[in-house]
Amino acid sequence: MSRPKTLEVTLPELALMIDHSLLHPTMTDDEVLSGLEICKKYNVKTACIKPYHLPFARKALEGTPILLCPVIGFPHGNSTLEVKKFEAVRAVEEGGKEIDMVVNIGRVKSGKWEFVRHEIETLNRTVVERGAILKVIFENDYLTDAEIVKLCEICSDVSVAFVKTSTGYGFTKLPSGDYNYKGATTRHLELMRKHTTENVQIKAAGGVRTLDDLLRVRALGVTRVGATATEAILEEAKRRGIGEERVTVDVPAFGDE
């Protein structure tokens, strides 16, 4: 795909690309509250939270336009469809407007595509009927290109709102015995954009930590990112002269260029 060399952006537009991620399993309520203050300071699109924080976050963000984005089946997608559906319904009832759901990765790896399609279709219908949207998390680090393409095709057929690269917690075991993950890579983002229809948006998560990262993925057609480094990203944007007025910025070089 063609990669633009420049972008026209404003600071509010960049902020609205961000789902500020408050998902680390050890986060205390005070740390989540501090994260919600960052959401308010920069007017990001959503606060991405664990389901039990929905009432807490709803109260903290009351009176703001910031949406609540709870995760379900997170981070490994292993719950049964019945449990995921119950979790999704409760999440919407508690104020969730965007639901990030992890696919059943084991069934994807098993090639059980009818099961996978039924799960995605059921959950998409469940949340849309209640006024929310669904983002489907693939966890690309675990998948082959062919599996990513097939998921893109299913999500396009079902008309989900977003496909998402990663949870940020999809650690794979390396030959050294250590665990790490790649998250949102240029190659996978281009693959996802190529194989989804125009009505399906792309969310990059895992590895978008700097303004340069954000500009690169935006140039690839990404419209939303999951980020923990929101403050650093947007403060760097301010330092580079990105504000309320539209400015033209250069897209940083990609690693494969």
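Modeller: A residue is called buried when its relative accessible area is under 20%. That cut-off will be needed for several residues below, and the model to which it is applied is a predicted one.

The side chain to consider is that of Lys-203. Lys-203 belongs to strand β10, which covers residues 201–205. Its relative accessibility is 0%, and therefore Lys-203 counts as buried. In that setting the side chain of Lys-203 has a polar partner: it makes a polar contact with the side chain of Asp-19, at 2.7 Å. When neighbours within four places in sequence are left aside, Asp-19 is again among the residues in contact with Lys-203, as are Cys-48, Asp-100 and Lys-135. The list of contacts also includes Phe-162, Val-163, Lys-164 and Thr-165, together with Arg-224, Val-225 and Gly-226.

The cysteines come next. A disulfide requires two cysteine sulfur atoms within 2.5 Å, and by this rule the count is zero. Cys-39 takes part in no disulfide, since the nearest cysteine sulfur, that of Cys-48, is 9.7 Å away. Cys-39 has a relative accessible area of 0% and is therefore buried. For Cys-152, the closest cysteine sulfur is in Cys-155 at 6.9 Å, which is too far for a bond. Cys-152 is likewise buried, because its relative accessible area is 0%.

The largest pocket holds about 260 Å³ of space. Its lining consists of 20 residues, and those nearest the centre are Ser-21, Gly-168, Gly-206, Gly-226 and Thr-228. Sorted by class, the lining of the largest pocket comprises nine nonpolar, seven polar and four charged residues.

The second largest pocket holds about 210 Å³ of space. It is lined by 16 residues, of which Ala-184, Thr-186, Asp-213, Arg-216 and Val-217 are closest to its centre. Two or more residues of this lining come from each of α8 (186–194) and α9 (211–219). By class, the lining of the second largest pocket has six nonpolar, five polar and five charged residues.

Note on methods:
Residues are numbered from 1 along each chain as its sequence is written. This is a predicted model: local features need pLDDT of at least 70, side-chain atom pairs count only at pLDDT 80 or more; totals for chains, interfaces and linings use all residues. Side-chain values use heavy atoms; hydrogens and water are left out. Helices (H or I, at least four residues) and strands (E, at least two) are DSSP runs, numbered from the N terminus. Buried means under 20% relative accessible area, exposed over 50%, partly exposed in between (1.4 Å probe, protein chains only). A polar contact is a pair of N or O atoms within 3.5 Å; within protein, one must be able to donate a hydrogen and the other to accept it, and residues adjacent in sequence count only if both atoms are side-chain atoms. Contact means heavy atoms within 4.5 Å. On a 1 Å grid over the protein atoms alone, a cavity is a set of points where a 1.4 Å probe fits but cannot get out, and a pocket is an open set with protein on both sides within 12 Å along at least five of seven lines; lining residues have an atom within 4 Å of a point. Grid points are joined across faces, edges and corners, and a volume is the space filled by probe spheres set on the points. Ala, Val, Leu, Ile, Met, Phe, Trp, Tyr, Cys and Pro count as nonpolar, Asp, Glu, Lys and Arg as charged, and the others, Gly among them, as polar.
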